[in-house]
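Please look at the sequence and the 3D structure shown below before reading on.

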2 protein chains.
Amino acid sequence: MAKASMIEVKVWGLALDEKNKVPVVILQEAQGKRRLPIWIGTNEASAIAMEMDEKRFQRPLTHDLMAMILRGLKAVVTRVEVFDLRENTFYARILVERGAEILTVDARPSDSIALALRMRSPIYVASHLFSEDMEASLPEKAPQTEEEKAEELRRWLEDLNPKDFGKFQP
Amino acid sequence: MAKASMIEVKVWGLALDEKNKVPVVILQEAQGKRRLPIWIGTNEASAIAMEMDEKRFQRPLTHDLMAMILRGLKAVVTRVEVFDLRENTFYARILVERGAEILTVDARPSDSIALALRMRSPIYVASHLFSEDMEASLPEKAPQTEEEKAEELRRWLEDLNPKDFGKFQP
């Protein structure tokens with residue numbers, strides 16, 4: 001199989017899927033408008049939110065600890081990749097380098113993203129995981145305020161069919 | 001300050017502090033009867049419980065991922081230590097070795113224990129953290145059934161004053 005084309009994304013935001021009461025992390029193309037929602041666990045959503053808000057607890061939380069150990073071992077997370085979707089579950093992997101050693105570890109997208117944010121590592125998504133519909137559902141005008149952004153997100157999530165995008169089963 | 005005397009412990013069990021609805025991990029001396037309860041977060045309690053029950057999810061959870069990365073980097077967790085209690089909060093550290101490198105990372109006791117179980121690493125507690133009262137409160141006769149064990153634990157926790165032992169503030 002040819003290596004899937006990978007597209008760099010940024011974490012656009014987090015939301016709560018009100019219907020299922022499940023947190024969703026939303027990735028958006030770094031150089032485009034397509035977005036990908038990934039249903040994740042509550043803990044991992046907190047870990048992502050805290051890093052996005054640059055909140056720091058007095059003591060390291062689990063993903064902070066992982067980042068501290070990696071740095072202590074002089075290891076670098078060169079990138080994380082969300083590379084597949086099978087049976088409604090997204091699959092990701094973390095690429096770690098230490099000197100000449102290269103390590104690839106399978107991980108949940110949520111852990112991968114939480115770690116990438118802490119290690120300042122780029123996040124990639126296989127292009128086939130984006131759907132054209134997702135772009136179509138985006139509004140023409142960018143939201144101006146936090147309220148508009150929340151409202152846009154709410155409407156966008158309502159339009160999505162979770163079955164189409166994969167839902168993390170905790 | 002002289003290096004505190006360290007005592008090896010095992011994870012005796014997990015319980016729910018019914019009054020405060022907070023999970024508690026209970027450590028017991030490997031070669032003795034004294035126990036130490038540490039109030040922890042829900043996620044970390046799950047991570048400890050899963051490893052104790054040897055439950056395996058299809059995909060690695062956060063502490064599994066940390067263990068996989070450490071193994072991939074050929075690093076060893078030589079031990080974890082719960083070494084201090086200040087303002088009702090326990091402090092722990094994780095000792096990692098990789099070849100000639102030695103790394104000490106501050107961590108919460110919960111993360112330290114969850115990782116130690118996965119890396120088959122010994123857990124130590126500074127001897128001054130045990131209180132004589134805790135031994136006194138243990139019943140003479142060891143519980144025979146799971147129900148008796150749960151009942152004993154419940155009574156024991158009731159007798160404890162959380163302020164005396166430190167409570168993790170999530």
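In which loop of chain A does Arg120(A) lie? Arg120(A) is found in the loop between H3 and strand S7 (123-126) of chain A, where helices (H or I, at least four residues) and strands (E, at least two) are DSSP runs, numbered from the N terminus. This is a predicted model, in which local features need pLDDT of at least 70 and side-chain atom pairs count only at pLDDT 80 or more, while totals for chains, interfaces and linings use all residues. Residues are numbered from 1 along each chain as its sequence is written, chains are lettered from A and ligands numbered from 1 in the order in which they are written, and side-chain values use heavy atoms, with hydrogens and water left out.

**Loop residues with positive phi**

Most residues other than glycine have a negative phi. Two exceptions are set out here, with accessibility classed as buried (under 20% relative accessible area), exposed (over 50%) or partly exposed (in between), using a 1.4 Å probe and protein chains only.

| Residue | Phi | Relative accessible area |
|---|---|---|
| Arg120(A) | about 55 degrees | 63%, exposed |
| Asn88(B) | about 65 degrees | 30%, partly exposed |

Asn88(B) lies in the loop between strand S4 (76-86) and strand S5 (89-98) of chain B.

**Helices**

Arg120(A) follows H3(A), and because 10 of the 11 residues of H3(A) are buried, this helix is largely enclosed by the rest of the structure. Among the buried residues of H3(A) are Ile113(A), Leu115(A) and Met119(A).

In H1(A), the buried residues include Glu44(A), Ala45(A) and Ile48(A), and the buried residues of this helix pack against strand S1 (6-17), strand S2 (22-29), H2 and H3 of chain A together with helix H2 (62-72) of chain B. H1(A) is followed by Glu54(A), which has a positive phi near 55 degrees.

In chain B, Glu44(B) lies in helix H1 (residues 42-52) and is buried, with a relative accessible area of 6%. Leaving aside residues up to four places away in sequence, Glu44(B) touches Thr62(A), Arg108(B), Ser110(B) and Asp111(B), contact meaning heavy atoms within 4.5 Å.

**Where the chains meet**

How many residues of each chain are in contact with the other? There are 35 residues of chain A in contact with 35 residues of chain B. The buried area, that is, the accessible area (1.4 Å probe) that two parts lose on being put together, summed over both, is about 2,900 Å² between the chains, and carbon and sulfur atoms give 65% of that area.

Between the chains there are 4 salt bridges, a salt bridge being a side-chain nitrogen of Lys or Arg within 4 Å of a carboxyl oxygen of Asp or Glu. One of them joins Lys74(A) to Glu101(B), with the closest N and O atoms 3.8 Å apart. On the side of chain A that touches chain B, the largest share, 8 residues, comes from H2(A).

**The nonpolar core**

A nonpolar core is a set of buried Ala, Val, Leu, Ile, Met, Phe, Trp, Tyr and Cys residues joined through side-chain atoms within 4.5 Å. The largest one has 85 residues, and Leu70(A) and Leu115(B) are among those with the most contacts inside it. Helix H3 (residues 109-119) of chain B supplies the largest share of this core, 6 residues. Not counting residues up to four places away in sequence, Leu70(A) touches residues of both chains, including Val96(A), Leu115(A), Ile69(B) and Leu73(B).
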